[in-house]
Amino acid sequence: MDLTQGTAEEKNIRAKKMMLWFAIISLVMSFGGWTSAFIVSSSRPDWLKDFQLPNAFIVSTIIILASSAVLIIAKNAIKKGSHTVATLGLISTFILGLLFIYFQFSGFQQIIDLGYNFTGPTSNVTMSYIYLIAVVHILHVVVGLICLIVVIYNHFKQKYNPTQLLGFELAATFWHFIDVLWLYLFLFLYFIK
């Protein structure tokens, strides 16, 4: 495909999608670096080998995967012209995103209750990596929630229809990415000791 071809609008759409993918690729590289450092650091003598992730992280994983499914339902509703179903889907996705963050912090509290902190005398390198990876991911979920607020606002202004979904698609792509990213991170932290 010749990227110089097409109308100005088509070029604009391609450019916006390409910029999102560049951002996603850079995030993949960042989290790949942190998970690689986690593996390398696991050979340290002070590394916790028998630590299990809190159950709140399992719940948050289920919640964020459900949020992606609900967002797909919302997109299909817009394509079918069902404004009410799309509204419910978008608001539900937003609420599920907030619940994800709540359960992440519940997981942090469970870790603290076990006697491990991010810094200080009760911290260790294993917990520091878990906190770092999870908190940076939470920050990206917050960005995704901000994107969802913009999409919900535009949806109420009726800017989306079956043929004009660019803003929705960009936000949905990012949301699905952070969902899949968390699934990878959760499985990584759960199985890599």
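A residue counts as buried under 20% relative accessible area, as exposed over 50% and as partly exposed in between, with a 1.4 Å probe and protein chains only. The model is predicted, so local features need pLDDT of at least 70 and side-chain atom pairs pLDDT 80 or more, while totals for chains, interfaces and linings use all residues. Residues are numbered from 1 along each chain as its sequence is written, and side-chain values use heavy atoms, without hydrogens and water.

Helix α1 (residues 8-41) packs on helix α5 (residues 166-191) at an angle of about 10°, with the axes 11 Å apart. That makes α1 roughly parallel to α5, a term for angles under 35 degrees. Helices here are DSSP runs (H or I, at least four residues), numbered from the N terminus. Among the residues of α1 that meet α5 are W21, F31 and F38; the α5 side includes F174, F177 and F188.

Two of these α5 residues, F174 and F177, lie three residues apart, about one turn of the helix. F174 is buried, with a relative accessible area of 10%, and F177 is buried at 12%.

Aromatic rings pair if their centres lie within 6.5 Å; planes under 30 degrees apart count as stacked, over 60 as edge-to-face and the rest as tilted. The whole structure has 18 such pairs. F108 and Y131 form a tilted one, with 5.2 Å between centres and 50° between planes. Because F108 lies in helix α3 and Y131 in helix α4 (residues 125-156), the pair ties together parts 23 residues apart in sequence. Both F108 and Y131 are buried.

Note on methods:
Axes are lines fitted to C-alpha atoms, for helices over the stretch in contact, and angles run from 0 to 180 degrees between N-to-C directions. Helices (H or I, at least four residues) and strands (E, at least two) are DSSP runs, numbered from the N terminus. Angles under 35 degrees count as roughly parallel, over 145 as roughly antiparallel, 65 to 115 as roughly perpendicular and the rest as oblique. Contact means heavy atoms within 4.5 Å. Rings of Phe, Tyr and Trp (its six-membered ring) pair if their centres lie within 6.5 Å; planes under 30 degrees apart count as stacked, over 60 as edge-to-face and the rest as tilted.
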